[in-house]
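I opened my notebook to go through this model piece by piece. Here is what I looked up, in the order I looked.

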Amino acid sequence: MSSMKYPSPRRDASVVEEHFGIKVADPYRWMEDPDSQETKDFVDQQNAVSQPFIESCSEREEIKRELTKLWNYPKYGVPHRHGKKYYFSKNNGIQNQRIDHRVEVRCQNYPEVLTKIKFSPLTWTHDSKGIFYGYYPDHVTGADGRDTASHDNQKLYYHRIGTPQSEDVLCVDFPEHPKWRVEGEVSDCGRYLLVCPGVDCQDNLVFFADLEALPNGITGKISLTQIIFKFEADYQYVTNTGSKFVFRSNKNAPRYQLICIDLEHPEEKNWSILIPEHESNILEWATCVDQDKLVVCYMEDVKSILKTHDLNSGAVLHEFPLGVGSIVGVSGEKKHSELFYKFSSMITPGIIYFVDMSTKNPVPKVFIKTEIEGLDESKCEVKQVFYPSKDGTKIPMFIAHRKDEKLDGNSPCLLYGYGGFNVSLTPSFSISQLFFIQHFGVLAIPNIRGGGEYGRTWHDGGRLLNKQNVFDDFVAAAEFLVQNKYTRKEKLTIKGGSNGGLLVGACLNQRPDLFGAGVAAVGYDSLYIRMCHNALPELGHKLNRTQPVLYIVTPTFARREQVAELTRLAQTLLHVSNMIWFVIEDATECLPMVGEHLARHQIPYVHMVSPLPEMFLGKGKKPRGVSQRNAAIQWILTHPELPDGVLYFADDDNTYDLRLFEDIRKTKKVSMFPVGLLANTGVSSPVVMNGRVVGFSDPWFAKRKFPLDMSGFAVNIRLLSYNPSRVPMPFIPGYQEDKFLQGLVSSWEDIEPLAENCTKVWVWHTTTVETPAGSFRSNSPGTNLQDLFQELQSTVMDMIRFHKFTIGHAWCSDFGNPETEEHFKYLLTYSPLHNIRVPEGDVQYPCVLLTTADHDDRVVPSHSLKFIAELQQTLREVQKQTNPLLIRVETKAGHGGGKPTSKSIEEITDVLCFLVKTL
Ligand code: UGA
Ligand code: MN
């Protein structure tokens, strides 16, 4: 019998529900109440079992020390040119600080580097005298208060450098098509202006004009010739030779091809195909370098392929030697011979290559390599294999290990999977993975169905009534690894988080004989973020990198007042230059209304969704806007090429005096200023004496070190750092600003008081009177809002009741709706909670570790608690079961108040210790 003594929580036999004639017992239903003392006690009892087990691992301190050492490594972006200097960003990732270096690359060394970032339209005229820009002239005329709600009618203007904007000339407009986005692009040769109007994110038209044919230069409306007449495909300008234009298009080619359109004979019958659509690979992008070469990136079986083609014939000239990984950045230009690209893989944190494309056989040279102390990539290898699943489907899998790993079947192996919601697992780097490869054994990541790796059919192949395919694919991966001696079943651990936690739970139940252990993680590394639209490629040219950029982050959520709030905020921000607006919804699906609203304003923006995790939806005050703010921070940190700047949280119910924005742009570290509080008619402000902050004045002081309002401070982005297990802003209502600032400000001396030494109120926190119609709440059944909420990251162990939790019901897209008989019966076949049984024969249940975080000490994911309770109950009296069945719930009490990074390292350390003890 197990040496472990597990808690014996109360089983409430009275909770039995009948659906479609099937009775389902739910004896641990009470665990769904995170606030009850009984639930909290249960959590403590579980930790009292798991913690000593993990801590008895003798290598724990060593693992932790090693991981801490590896954790901090610098991250670089691809070089970009600004003026005559070449910049690349560097993020040192040190502890909880980000240090952003502007490193100057001497012009002599790299005489002509690229000025063009992938896909960002080049709008300068080639005489460098002016720029084309899309503009909504109707906007600014609304200062008199007249309804300016129409942000349609975008027009293309030309601005001559050195002249006032009032002299800019209107070049292109389409008054009969107010919805069209109108932007200009100047051809590589400088002669042509291309205008490719679009309405949504896909499909566009193409018009052009010959700038040299304008008798007096750009002095007014330019007459355009239309060559694409229907919104039915994408046409992306790549380059041109005289009138012969190359476009990347998916017209009749879902995987994209390069086509040639001669502007002098633009009829479709005269088009030619320069690079035909590949039978399976997706042509992701193409860029022209060194006059007549096309550098083309393909996605082949989830990994990148980079080739040079001849611009004239389309023939392949050369293929770049790439490891198994992804191209994550590029910069190159037709008139220059230099090309930079950045490669990353499971064992490669990042290498930026430099290639002189004018040489006959271009050889990439390492330009900057991210070095990690103790990592020697040449001692590791990563490969891709293909294995057949149960139904014969060919599944790709990445496998990484040390080269000297014997592969005699004795290596520990970590098999990681997700398999859902159209998520693609492209090979990427992570420290904990690397650590595993270096010190433990083999890491395997299969691209199982349910993901988006091969488009829609791959996702559909693993959802709803096909969900079992996901488990079969994962099981087949395990069998492949065992058969090919990468590991053996006792040494094989399966791991996953969120939907991947469900995968682990289902596979442990279905094939307990095949695995040594299973780890299902729920943590903030699974913070759910989805990009709705990143407008920086098309609008980023509006940013001026020589000045700090304002990163303005607005959490928002669907309710009656939302349009009004966003409109007001947008009207204000239209007057603020050099900013990026992050508008992030508390939802799992992008609300088209918000997207349309943003697209109309042409403020450089990033639109994402990031819902409040389900576990915080319990009773009491919700930590509002936190996941969204963290999502923005994470996004900023993972895009080191972004310019320096200042982060400001602008809730959607704030009102601003424009003087504030120029003031906060100066923020060196952390600035603070007064906030007018209309909610309780007061003010929240730092107390300033002799130009120094000496205290705070806030109506709700609580026990806060920084009793401030969210809108009362700004932070230089260099100070930010992101940590997956404990994101920068904690999910603690009322204490978010305080805890966030505590992580950033070590001394009040560092605080810069703004708004004329905190004597002015330039921001108000207004309050929106709640409309009684609760129908705008996400949890109101029968409203359209139900459709707004889809996936949510948290382990889903109880498939029958997942939809009852406020956001969970939107998981129906992959799991189906348990309220329909067909889906209910199907769910019951794999729901981890309902399929726990004692394994047959002498097989015991694999070792189990569920990990979950409990960030405000109150709430825990009930799915995991119920699953572990049921598992322990089923197996506690079983003689053969010696494998431990554990859950690690991170609570504040259990771990003390460490720094975010150390929390994360601690969690990974604990998982590794569990593996050390069980494998
Ligand atoms: C106050 C602070 O102004 C917030 O920044 C802070 O997050 C919050 O307290 C807290 O400590 O919990 P309060 O006025 O009470 O916020 O909250 P709201 O103004 O309703 O919400 C703050 C932001 O979160 C808004 O931008 C709002 O759009 C967003 N929000 C609110 C959501 O995304 N989801 C919700 O369900 C509610
Ligand atoms: Mn508010």
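**Entry 1: a loop asparagine.** I began with Asn690, which is exposed because its relative accessible area is 78%. For my own reference, buried means under 20% relative accessible area, exposed over 50%, and partly exposed in between, with a 1.4 Å probe and protein chains only. Asn690 sits in the loop between strand E41 (682–689) and strand E42 (692–697). I noted that helices (H or I, at least four residues) and strands (E, at least two) are DSSP runs, numbered from the N terminus. Asn690 isn't a glycine, yet it has a positive phi of about 50°.

**Housekeeping.** The model is predicted: local features need pLDDT of at least 70, side-chain atom pairs count only at pLDDT 80 or more, and totals for chains, interfaces and linings use all residues. Residues are numbered from 1 along each chain as its sequence is written, chains are lettered from A and ligands numbered from 1 in the order in which they are written, and side-chain values use heavy atoms, with hydrogens and water left out.

**Entry 2: another asparagine.** I then checked Asn578, where phi is also positive at about 50° although the residue is not a glycine. Asn578 is in the loop between H8 and E35. Is Asn578 buried or exposed? It counts as buried, because its relative accessibility is 7%.

**Entry 3: strand E34.** How many residues of strand E34 are buried? Eight of the eight (residues 549–556) are, so the strand is largely enclosed by the rest of the structure. I sorted the side chains by direction: Val549, Tyr551, Val553 and Pro555 point one way from E34, while Leu550, Ile552, Thr554 and Thr556 point the other way.

Next came the strand partners; two strands pair if DSSP finds at least two bridges between them. E34 pairs with strand E37 (residues 645–649) in the parallel sense, over five bridges. In that pairing, Ile552 stands opposite Tyr648 in E37. E34 also runs parallel to strand E35 (residues 579–585), joined by seven bridges. There I found Thr554 opposite Val583 in E35.

Ile552 counts as buried because its relative accessibility is 0%.

E34, helix H8 (residues 562–573) and E35 make a right-handed β-α-β unit. A crossover is right-handed if, with the strands pointing away from the viewer, the path from the first strand over the helix to the second runs clockwise.

**Entry 4: ligand 1.** Which residues come nearest to ligand 1? Of the 19 around it, they are Pro555, Arg624, Gln628, Asp651 and Gln736; a residue is near a molecule or strand if one of its heavy atoms lies within 4 Å of it. E34, helix H10 (626–637) and helix H12 (736–742) each supply at least two residues of the shell.

I looked at three polar contacts, meaning here pairs of N or O atoms within 3.5 Å. A backbone N or O atom of Pro555 is 2.7 Å from an oxygen atom of ligand 1. Arg624 puts a polar side-chain atom 2.7 Å from a ligand 1 oxygen atom, and a polar side-chain atom of Gln628 also lies 2.7 Å from an oxygen atom of ligand 1. Taken alone, ligand 1 exposes 690 Å², and the protein buries 88% of that. Those areas come from the Shrake-Rupley method with a 1.4 Å probe; for residues, only the protein chains shown count as cover.

**Entry 5: the manganese ion.** Which residues coordinate the manganese ion (ligand 2)? Asp653 (OD) and His765 (NE2) do, at 2.1 to 2.2 Å. The pair links distant parts of the chain, 112 residues apart: Asp653 is in the loop between E37 and strand E38 (654–656), and His765 is in strand E45 (residues 763–765). Donors are N, O and S atoms within 2.8 Å of the metal (3.2 Å for Na, K and Ca), and water is not among the atoms, so sites may look incomplete. Asp653 counts as buried because its relative accessibility is 14%.

Conventions:
A polar contact is a pair of N or O atoms within 3.5 Å; within protein, one must be able to donate a hydrogen and the other to accept it, and residues adjacent in sequence count only if both atoms are side-chain atoms.
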